[in-house]
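Open the model in your viewer and keep the selection tool at hand. We will go stop by stop.

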Amino acid sequence: MRIVGLTGGIASGKSTVSGLFRSSGVPVVDADIVARLLETATLQDVVKKGTPGWRKVANAFGDDILLENGEINRSRLGQIVFSDPAKRQLLNRLLAPHISSGIFWEIMKLWVKGCKVVVLDIPLLFETKIDRRTKPIIVVWVNPETQLQRLMARDGISEEEARNKINAQTSLDWKKTKADIVIDNSGSIEDTRTQFQNVLKQVTASLSWKEFAFSRESVAVLLISLFIGAWMLHSRI
């Protein structure tokens, strides 16, 4: 199985590329979706009062997010992180081990279905060290001025606010140096689609022997071979 890492930065166009993969039939595991599932399903256990998760979040966000009984006010925390991308990234970093667990199970579901290639759409791919589990790594890059203008237009914010949000993230130029594949989204959507078609060919090319070894088909062949070997040995006996 080939696990492709896809990342970028705020207003870089990562979501556009993620959508192109989906429309091309390549399954995408969206870390933001996994994180939202965790927030609704298991966050209460993860940040229960007295747990390590509770201490991390309380120390990072302060007493303003605590109820009178000391438990975390999930509603208040949600308001904070969904209105401030930098703080949402901070929460994601704190809960990264639990998010990674959710990603693992999403991949396992796709493995059971026989998917040979899966794309992990993860804004914090490098920050959470998940890049070590993905190959190739795709970074959706955009030049700084275009990123700034797009963010201002998208969120209706001032240049200062936009710069603060961009500076709160890991530099796109740094991420670019760590990429196996770079998609330059500074131009038109047509330019991005043209680049994407070339990337799609690379990503969906034949699996390496190592990737095939972890595919469902390989496991099935191994089990069948073991069964046949055991049967032949039993027949001789």
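Are Phe21 and Phe196 buried or exposed? Select both: Phe21 is buried, and Phe196 is buried too. Bear in mind that this is a predicted model.

Stay with these two rings. Their centres lie 4.8 Å apart and their planes meet at 80°, so the pair is edge-to-face. Phe21 belongs to helix α1 and Phe196 to helix α11, so the pair ties together parts 175 residues apart in sequence.

Next, show the sheet. It is open and has 5 strands, in the order β2-β3-β1-β4-β5, with parallel pairing. At its edges are β2 (28-30) and β5 (181-184), each pairing on one side only. From one strand to the next, the twist averages 20°.

Now select residues 2-7, strand β1, and residues 117-121, strand β3. The two pair in the parallel sense over 5 bridges. Look for Arg2: Val117 in β3 stands opposite.

Move to Phe104 and Trp105. This aromatic pair is edge-to-face, at 5.1 Å centre to centre with 75° between the planes. Phe104 counts as partly exposed, at 44% relative accessibility. Trp105, at 52%, counts as exposed.

Last stop: Trp141. Lys176 lies over the face of this ring, 4.0 Å from the ring centre.

Key:
Residues numbered from 1 in each chain as written. Predicted model: local features only at pLDDT ≥ 70, side-chain atom pairs only at ≥ 80, totals over all residues. Heavy atoms only, no water. Pairing = 2+ DSSP bridges. Helix = DSSP H or I, 4+ residues; strand = E, 2+ residues; numbered from the N terminus. Axes fitted to C-alpha atoms, helices over the stretch in contact; angles between N-to-C directions. Phe/Tyr/Trp six-rings, centres within 6.5 Å; stacked < 30°, edge-to-face > 60°. Buried < 20%, exposed > 50% of the residue type's maximum accessible area, 1.4 Å probe, protein only. Lys NZ or Arg CZ within 6 Å of the ring centre and 35° of its normal.
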